[in-house]
Amino acid sequence: MSDSTHAAEHHDGPHAKGLWRWLTTTNHKDIGTLYLVFSLVMFLVGGAMALIIRSELFQPGLQLVDPHFFNQMTTMHALVMIFGALMPAFVGLANWQIPLMVGAPDMALPRMNNWSFWILPPAFLLLIATLFMPGGAPAGGWTLYPPLILQTGEAFPFVVFSLHLLGASSILGAINIIVTITNMRAPGMGFMKMPMFVWTWLITAYLLIGAMPVLAGAITMLLTDRYFGTTFFLAAGGGDPVMFQHIFWFFGHPEVYILILPAFGIISQIIPTFSRKPLFGYTSMVVATSAIAFLSYVVWAHHMFTTGMPQAGMLFFMISTMFIAVPTGVKIFNWLATLWRGSISFETPMLFALAFVILFTIGGFSGLMLALVPADIQYHDTYFVVAHFHYVLVPGAIFSVIAAVYYWLPKWTGHRYDETLGKWHFWLSTIFVNVLFFPQHFLGLASMPRRIPDYSVQFTEFNMISSIGAFGFGLSQLLFVWVLVKCVRGGAKASAKVWDEPNGLEWTVPSPAPYHTFETPPKV
Amino acid sequence: MNRSKAYSGWIIAALAATTLCAAGPAAAEWALDFPASATELGGKIRGLHHTALIICVVIGVIVFGVLGYSLMKFRKSQGAQPAKFSHSTKAEVIWTVIPVLILVGLAIPSARVLIEMEDTQSADLRVVVTGYQWKWRYEYPDHGISFFSNMTEESKAAAIVGAGHELHEHYLRDVDNPMVVPAGRKVKLQLTSNDVIHAWWIPDLYVKRDAVPGTINETWFEVGEPGVYRGQCAELCGRGHGFMPIVVEALPPEEFDAWAAAQTMAGSSETALKTASVAVASGPNAQ
């Protein structure tokens, strides 16, 4: 610890000032901040789109938007939230925390790190600009199924290019993370001594490198189908539209785990800290994460049970999908065992982590139900599915990001956030997220299809409740923005440890963490 | 002070929960579950869904029970001292093996129902279903019947932005020409599409299958009782996706035969007329 403090005194911080600093920075903390701020902006943009959707669905009949625009909103909401809000949030956390947690001075490839962030803003400008192009933004769903997606107007090549850029950014980020974790751990930190957040990110980075090129291939084939006369996915030329779905979901299912494995890592950091007890079953956590990553590559066709598939295929994908419940269950049980006989306190990060455990588990239950092919035929493409993946992504992945921000914010800013406001943020978010998504289970079971701008009258009541929840949840996030601004600006001084007895190297450096840390590797 | 804040949080949570629960059973339209099935196979699917749901609820009660107990019992504010343990091979083996057993127990009945669902052999009637943006076409190859099925004008008029029309009971799930089938007979559907992917779905029949261009998908159903069953397209297919209703009218077999005969007659007289006009147009004088 004295080493790093000593080193910090000799380095003043960023070499450039103002905008130029942020454009040219190669510092992992600066780049982490850029990613996190970008992610927050995209979260609000994607949230605004969700509120347009929920406003139209407040009551039956078409009141506000044209169905084509509605479809653009559902498509863009998903793309913005997945590629703009969630993935950059996790990469931002990785940038800030991985060097601090493994005792490295920075990421292994700092210039590439700068580049992988700065690809993002132009890519999203391009994607959002498609809303103003003739024919509008893509409206075929984020899954981009042909032939429908090929009916996109002039925006089509821009969408494909923008997704290529996002993919490139993710792959560069993933390479950087793998190289950093593999080569720059402090002496004495073997693989099986790495914090869980580092472990889950290592595995996630491999998933990214495996999955993103597959998406790139699929969208390139769409591009050539549209402009260069190929017929990969067009039946008229001997192609097969269902082939696209196989390729897409071979990317898409690992993508789901890209969005949740780092969340598992975050929860595995937070629960032990506020239980004042070591994480239960570290080894089995590592094994379970690896098992989930492996299984994620052999379950893709469970998104496609209604497309017409050989019976043996359906059975295979049903069983492989059900087996994901086993390692996921192990994780939940390990968290419970960590809490068991601990000394638990309920600071804001812990509250979000506990809500994650409960609500993610509910999402897991509906996931298990969805795995059963005969029942899935009925659930498929209904609001039951919408409820399922929003439970794992909103009170799942997003809650984990929020928990992580509260957990490490004092380390980043040197100030304690306002605990009372943090708790208000937690309770409002948790209540409204359930008001928002729980009724959608019932809508799906009662047969409301997803991606419709208008619905039959029997679905009115639950849609109204859901829309009220959506506005409540959306507005609660403004409170989050306020807490963040307030904490960055000032507040009670945070100590180096911040919490009672947290484990890990990041707590050995002062708060705020100096611009340069661990220039001399710490001893583990 | 901290204490009172924690309590206010609990009170908000409790209030929200009560509002939701109290509102639950109040009205008839608050459907909470799969619809009652109109087919025998659908009943089995519904049963499977209930089995899975009950298993999940039981596991949920146990898991959340243990969690709740820990949060009450092992609070720092109650003076709880942390234990030191960090693994137990025995516990880990138990909570790996038990889920595996539950899953196997769930997979077996699912596989049985699946095999039954996929058996499209020995059907009594075949209907070819073709999806269009945004309507359906039904063909009965063995009867020479073919017609389009559109959303009714009444629903169309109401489904315009800001129309503000009174929405009738079957708003958006009302068609001009329903698919007509005999009750108590096995009907095989062959699905395809003319443009983009659609999905043919009647919730009460527990049938959903994609209509994919260039492919013929098969599925089947056997309606128990005569009646009208409503659904809609389930795969995003563009601007009119929400306005592509599906209605099946199941008639007693004799009435179905009468309907089919009348349609065949009407169809063949139309065809005869067309043939006649073509013959005239391409007759000797046409050259």
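This is a predicted model: local features need pLDDT of at least 70, side-chain atom pairs count only at pLDDT 80 or more; totals for chains, interfaces and linings use all residues.
User: Is Ile246(B) buried or exposed?
Analyst: Residues are numbered from 1 along each chain as its sequence is written, with chains lettered from A and ligands numbered from 1 in the order in which they are written. A residue is buried if 20 or more other C-beta atoms, placed from the backbone, lie within 10 Å of its own, exposed if 12 or fewer, and partly exposed in between. Ile246(B) has 26 within 10 Å, so the residue is buried.

User: Which strand holds Ile246(B)?
Analyst: Strands are DSSP runs (E, at least two residues), as are helices (H or I, at least four), numbered from the N terminus. Residues 245–251 of chain B form the strand with Ile246(B), namely E10.

User: What separates the C-alpha atoms of Ile246(B) and Arg230(B)?
Analyst: Along the chain, the two residues are 16 apart. Their C-alpha separation is 5.9 Å.

User: How many residues of chain B are in contact with chain A?
Analyst: Contact requires C-beta atoms, placed from the backbone, within 7 Å. On chain A, 85 residues take part; on chain B, the number is 85.

User: Which element gives the most to the side of chain B that touches chain A?
Analyst: Elements giving two or more residues include H1 (2–23) and H3 (89–117) of chain B. The top contribution is 15 residues, from H3(B).

Definitions and conventions
Two residues are in contact if their C-beta atoms, placed from the backbone, lie within 7 Å.
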